[in-house]
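Hi everyone, thanks for coming.

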Amino acid sequence: MAKSEQFCLNCFAEFPAADEICPHCEVSVSEFDQKGYFERLLNALFHPLADCRMGAIVALGLLGKEQSAEPLVDCALRHPIDVPEGLEIVRSLVKIGNPAVRQRALLRIADEHPARGVRRAAWQAARSGGFSAK
């Protein structure tokens with residue numbers, strides 16, 4: 001990326017640094033700056049780089065908010081071949097304080113995720129309330 005380019009923090013498209021509004025999603029840079037930390041983390045689950053998604057997954061797990069459950073599950077299902085990411089999502093879901101929300105999210109992954117290891121980890125976490133990567 002040249003110095004005269006920037007990434008949209010909403011849709012992750014590259015566009016000229018001089019522009020205030022992303023030509024792809026039409027969100028202004030200043031408008032995105034006004035979003036809260038939690039909302040930015042949820043948005044980062046759509047980032048094209050796995051490392052950026054992973055950082056958001058870990059941070060969302062540390063926050064333990066039940067509102068992150070469905071977005072985390074959706075992220076796991078969008079990236080079915082990224083097993084480490086799927087396992088980290090299971091770890092993050094285990095930290096959600098609301099047992100009903102946590103259980104529903106873990107069982108959805110256990111039922112729908114294509115990777116056997118991720119399904120197994122989610123099933124075990126749903127049964128035991130913990131996480132083991134065995």
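When I say contact, I mean heavy atoms within 4.5 Å. Please also keep in mind that this is a predicted model.

With that in hand, let's start at Ile109. Setting aside neighbours within four places in sequence, Ile109 is in contact with Val73, Ala76, Ile89, Val90, Leu93, Val118, Arg119 and Ala122.

Ile109 also belongs to the largest nonpolar core, which has 31 residues. Which of them touch the most other members? They are Leu45, Ile89, Val90, Leu93, Leu106 and Ile109. As for where this core comes from, helices H2 (37-44), H3, H4, H5, H6 and H7 (116-128) each supply at least two of its residues. In general, nonpolar side chains in soluble globular proteins tend to be buried together.

Now have a look at H4, residues 69-78. Its buried residues are Ala69, Leu72, Val73, Cys75 and Ala76. Why do they sit on the same side of H4? Because they cover an arc of only 160° around the axis. Among the elements covering these buried residues are H3 (50-63), H5 (83-94) and H6 (99-112).

Last stop: the pairing of H3 with H5. Their axes come within 8 Å and cross at roughly 15°. Angles under 35 degrees count as roughly parallel, and H3 and H5 are therefore roughly parallel to each other. Their crossing is left-handed. On the H3 side you'll find Ala50, Arg53, Met54, Ile57, Val58 and Gly61, and they meet Pro84, Glu85, Glu88, Ile89 and Ser92 in H5. You'll remember Ile89 from the contacts of Ile109.

Key
Residues numbered from 1 in each chain as written. Predicted model: local features only at pLDDT ≥ 70, side-chain atom pairs only at ≥ 80, totals over all residues. Heavy atoms only, no water. Buried < 20%, exposed > 50% of the residue type's maximum accessible area, 1.4 Å probe, protein only. Helix = DSSP H or I, 4+ residues; strand = E, 2+ residues; numbered from the N terminus. Arc of directions from axis to C-beta. Core = buried A, V, L, I, M, F, W, Y, C linked by side-chain atoms within 4.5 Å. Axes fitted to C-alpha atoms, helices over the stretch in contact; angles between N-to-C directions. Parallel < 35°, antiparallel > 145°, perpendicular 65-115°, else oblique. Left-handed = near helix turned anticlockwise from the far one by under 90°.
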